[in-house]
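Good morning, and thank you for making time on the agenda. I would like to take you through one model, beginning with a term and then moving to the domains and the backbone.

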Amino acid sequence: MIPRSDANALALVVFDWDGTLMDSVARIVNSLRQAIGDIGAEPRSEAQLRDIIGLGVRQATQALYPGTDGAFTEALAHAYRSHYLERDTTPTPLYPGAEQVLAQLAERGFLLAVATGKSRRGLDKALKETGLGRFFDATATADEHPSKPDPGMLGYLVDRLGVDRRDAVMIGDSSYDLEMARRLGVAGIGITHGVHGAEILLRHAPFALVGSLEELPPLLEVGQGSG
Ligand SMILES: [Mg+2]
């Protein structure tokens, strides 16, 4: 059972989006590759492109092209958004059980939130298209807060929803999610169906690792007893 400040505390479950709830990794990689070609930058490997998923656009650009300036970041971000939001047609399905798991957690009384490296525009579009927006009590994006692994966006959600950080848990597929959680003193749960595998996630001392969203309700002790 997830640690709580007291046994009856209402807990907050914060989800990362890309690679955690939505299988958008292939579209992100394809869109980045196209955007890099559009602006004539030096190509980067698939592994390099995957590894920056979850960061905000500035941090991602600096990780791929260290020392480049703001104009370069803007050009890459503009080209990327054009591909990801409008031109690329790589499917971005939700992971199995996403809607049912969120419904089950909400029904059980958990507060639910999203903390993502996406922009506000990108997240709102995804929430609308998937119909998942109705489940979330608050959301935080990387254009409104410092990028993961800075704990700022997670701290914002905890404060905004009035939850003790000991009663929150962060679910994510990348080291950035787990490092963010650890830096705030929030329990992290790594999910291995996205960008980073178990070996990398375990370096950040997660409370638990799961292979699918469907493993979360029992881990969070949902659905046992009448509540
Ligand atoms: Mg992710």
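Predicted model: local features only at pLDDT ≥ 70, side-chain atom pairs only at ≥ 80, totals over all residues.

The peptide bond that joins Lys148 to Pro149 is cis, with omega at about 5°.

The average pLDDT over the chain is 93, and 93% of the residues score at least 70. Residues 223-227 call for caution: pLDDT stays under 50 there, and the model gives that stretch two contacts beyond four places in sequence.

Let me turn to the domains. Domain 1 is made of two segments, 12-24 and 94-219, while domain 2 covers 25-87. Taken over C-alpha atoms, the centres of domain 1 and domain 2 are 22 Å apart.

How many residues of each domain are in contact with the other? On the domain 1 side there are 19, and on the domain 2 side 16. Interface size is often expressed as the accessible area lost when the parts come together. Here, domain 1 and domain 2 bury about 1,400 Å² between them, and 50% of that area is on carbon and sulfur atoms. Three residues stand out on the domain 1 side: Ser24, Tyr176 and Val195 supply 37% of the area that domain 1 buries against domain 2, more than any other three residues.

Next, the polar side of this interface. Between domain 1 and domain 2 there are ten residue pairs in polar contact, counting pairs with both residues at pLDDT 80 or more. The count of salt bridges between the two domains is one. Glu86 and Arg121 form a salt bridge in which the closest N and O atoms are 3.1 Å apart. As for secondary structure, helix α6 (residues 120-130) contributes three residues, the largest share of the side of domain 1 that touches domain 2. By residue class, that side of domain 1 comprises five nonpolar, eight polar and six charged residues.

That concludes my presentation, and I welcome your questions.

Definitions and conventions:
Residues numbered from 1 in each chain as written. Heavy atoms only, no water. Domains from an automatic or database assignment. Contact = heavy atoms within 4.5 Å. Buried area = accessible area lost by both parts, 1.4 Å probe. Salt bridge = Lys/Arg side-chain N within 4 Å of Asp/Glu carboxyl O. Polar contact = N/O pair within 3.5 Å; in protein donor to acceptor, adjacent residues only side chain to side chain. Helix = DSSP H or I, 4+ residues; strand = E, 2+ residues; numbered from the N terminus. Nonpolar A, V, L, I, M, F, W, Y, C, P; charged D, E, K, R; others polar. pLDDT = per-residue confidence, 0-100.
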